[in-house]
Amino acid sequence: MTPEAQIIPFFVIIPLAGAFVTALVGKRLKALPDILGVMSTVGLLALSLVSVQLVRLSGVLVYSVGAWRPPVGIGMVLDGLASFMLVTVNVVAAIVVLFSVDYMKRFTSKWQFYSLFLLMLAGMNGVVVTGDLFNLFVFLEIASVASYALVAFGTEKQELEAAFKYAVMGTVASLFVLLGIVFLYSFTSTLNMADMALVLAAKGPSHIVLLVSVLFLMGFGLKAALVPFHAWLPDAHPSAPAPISAMLSGVLIKSLGVYALCRIFYNVIGMTPAVSSLFLFLGALSMVIGVFLAIGQWDLKRLLAYHSISQIGYVVLGLGLATPLGILGGLFHLFNHSVFKSLLFLNSGSLEHATGTRDLRKMGGLMQRMPVTGTTSLVASMSIAGIPPFNGFWSKLIIIIAAVEARRFGYAFWAVLASLLTLASFTKVMKYAFLGALRDKGRALAEAPVFMRCAMILLALICIGGGALLAPGIRDVFLTRAADVVLQGLRYGTEVFKRVG
Amino acid sequence: MILYILCLVLFCVGLYCILRKRNIIKIIVGIIIAEYAVNLFFVLVGYRMEGRSPIYASDADILNMVDALPQAVVLTSIVIGLATTALLVALAMRIYGKYGTFDITKIRELRG
């Protein structure tokens, strides 16, 4: 265990300690939850940027929990993919907390919100850094249970209904994941992911692995809201408070769903052509069905939630292509989507804060009264629709080029079609919400408070500058390293054990 | 083998409850049953007939021992199940407070 590896447990410790302290004293000290929330998330963001640099300098880092060396003890692994995901999660988390400082004033118990929020963040960071399959399940459940509670945070009729639906579906998904882990344990006699990769590679293909693949695809597919398993998302994401919607759509479905799928299928079980074509099919299905369902929506947040399904489809499609370019595009789109989708949800929160409604038909002309919200929303809409030079364009372009290179012309066509429909759908949002004549009751509206504006502007800047991640010098540090981890496949096991030492 | 099949039956009973029942409380009970089935299966995976606990002692030669790891791990999983169930029951109570019913066909504000 190298000294640099000491950084890894802090990704879990900081938010967990923050959640605990907030729950303990947050009720009495009114200012504390805000300060603690912002400080811990900004600290995590800094740490995750440091982790990128560490991975660049010294390759894979392994931390042995309690000094029990893997495969006996629990290992935490920080490699290119993990640090990529950590940056994605913590960038969004830090900005969303900034937004919540003002936005959550309308709820009575802010400290409960921060406590649950940090708990969810601890779960997500834990899923990303863990190197142990059962540990992954534990963190998955921590993040999920916190998110069920956060969806119900408003405790109104719709929120409770959505939260119950989400909780039932989420629990069933976790059960499938646990069942898959049980089968894998009985087959390989280990829970360590690196060790498991080695054992599975030695044993070769078998029916058990096939069964486990199906169970994981159902379990994590439900968490990622891929199309046959998406029914909970359009209820749960709009019902949560706006910052939570931003977290759920922005990073939760990715770190619990897509990241876990990617890590397990590529690095532990090993990607087979059958699973890869299943990824492609599910990805394309989510992409197209999500966007078709989105077009008809009038509730702004529900529309955005359907777009999340559609955009997750792009990510999974890119990953399913299993070519270097496809994986790079998929991961890049994952990052981009978490930025622009959280921005769009924060915009919707800002609109709801000002107008008190989410119905597009009741808005109109808001660009005049809320220039910051309007402009940032325009940036995010153009990003998600794939208009150059915003970040969404580059990642979609890479995915489509990769699909053509892999001679999957059908999938490339669907990707282009879904992109056009996305554009149509966001034209509608801009037209009804921000352009046109100002309504009578809109005249008294004011722009969002300062912290909310800061948060939206920061995310919009990332949207505009996101394409820079593809620039030669930066790409090698951030994106290529993550894609390399996915591409190395089962060599993950040997790479990790080389570093246990 | 019969034990594993019974375990599967228990899991299917749980899933049936979740999918087919209209009462929220029954759905929660279904989740608990399915959860127990998975936990039971996990313990069974490490079980050996007539096995003993894997405690190392210099005078005892261990021939047939039970795998202790699933037992330790299942404890964690049971605690997680407790948290989930508690949250679900709390949600069910609040839903009853708002809607005055446990019937999911009558709790349908969200659609589309």
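In the predicted model, the contact between helix α6 of chain A and helix α2 of chain B brings together Phe164(A), Val168(A), Thr171(A), Leu175(A), Leu178(A), Leu179(A), Val182(A), Tyr185(A) and Ser186(A) of α6(A) with Ile24(B), Ile27(B), Ile31(B), Ala34(B), Glu35(B), Val38(B), Phe41(B), Phe42(B) and Val45(B) of α2(B). By class, 15 of these residues are nonpolar, two are polar and one is charged.

The contact between the two chains takes 26 residues from chain A and 26 residues from chain B. On the side of chain B that touches chain A, the elements giving two or more residues are α2 (24–45) and α3 (69–99). Of these, α3(B) supplies the largest share, 13 residues. This side of chain B consists of 19 nonpolar, three polar and four charged residues.

Chain A contains 21 helices and two strands. Its radius of gyration is 21 Å, close to the 23 Å given by the globule rule for 501 residues, so chain A is as compact as a globular protein of that length. The C-alpha trace spans about 70 × 60 × 45 Å along its principal axes. Buried residues account for 64% of the 501 residues in chain A. Of the contacts in chain A between residues at least 6 apart in sequence, 81% join residues at least 24 apart.

Within chain A, helix α13 (residues 324–355) packs against α16 (residues 391–405), their axes coming within 8 Å and crossing at roughly 155°. An angle over 145 degrees counts as roughly antiparallel, and α13(A) and α16(A) are therefore assigned to that class. Their crossing is left-handed. From α13(A), the contact uses Leu325(A), Gly326(A), Leu328(A), Gly329(A), Gly330(A), Phe332(A), His333(A), Asn336(A), Val339(A) and Phe340(A). From α16(A), the contributors are Asn391(A), Gly392(A), Ser395(A), Lys396(A), Ile398(A), Ile399(A), Ile401(A), Ala402(A) and Glu405(A). The residues of this contact comprise nine nonpolar, eight polar and two charged.

Helix α13(A) also packs against α18(A), with axes that come within 9 Å and cross at roughly 150°. This angle makes α13(A) roughly antiparallel to α18(A). The crossing of this pair is left-handed. On α13(A), the residues involved are Val339(A), Phe340(A), Ser342(A), Leu343(A), Leu346(A), Asn347(A) and Ser350(A). They meet Met452(A), Ala455(A), Met456(A), Leu459(A), Ala460(A), Ile462(A) and Cys463(A) of α18(A). The contact of α13(A) with α18(A) has 11 nonpolar and three polar residues, and no charged residues. Val339(A) and Phe340(A) take part in the contacts of α13(A) with α16(A) and with α18(A).

Pro70(A) and Pro71(A) are joined by a cis peptide bond with omega of about 10°. Pro71(A) is placed in the loop between strands β1 (61–64) and β2 (75–78). Another cis peptide bond, with omega of about 5°, joins Pro388(A) and Pro389(A). Pro389(A) is found in the loop between α15 (371–385) and α16 of chain A.

Positive phi values occur in residues other than glycine at Ala322(A), where phi is near 60°, and at Arg407(A), where phi is also near 60°. Ala322(A) lies in the loop between α12 (300–321) and α13, and Arg407(A) in the loop between α16 and α17 (409–434). The surroundings of these residues are as follows. Ala322(A) has 24 C-beta neighbours inside 10 Å and so counts as buried. Arg407(A), by contrast, has 9 other C-beta atoms within 10 Å and is exposed.

Ala471(A) is in the loop between α18 (450–465) and α19 (472–477) of chain A. With 9 other C-beta atoms within 10 Å, Ala471(A) is exposed. Its C-alpha atom is separated by 40 Å from that of Pro205(A), a residue 266 residues apart from Ala471(A) along the chain.

Definitions and conventions:
Residues numbered from 1 in each chain as written. Chains lettered and ligands numbered in written order. Predicted model: local features only at pLDDT ≥ 70, side-chain atom pairs only at ≥ 80, totals over all residues. Helix = DSSP H or I, 4+ residues; strand = E, 2+ residues; numbered from the N terminus. Rg over C-alpha atoms; globule rule 2.2 N^0.38 Å. Buried ≥ 20, exposed ≤ 12 C-beta atoms within 10 Å, placed from the backbone. Contact = placed C-beta atoms within 7 Å. Axes fitted to C-alpha atoms, helices over the stretch in contact; angles between N-to-C directions. Parallel < 35°, antiparallel > 145°, perpendicular 65-115°, else oblique. Left-handed = near helix turned anticlockwise from the far one by under 90°. Nonpolar A, V, L, I, M, F, W, Y, C, P; charged D, E, K, R; others polar.
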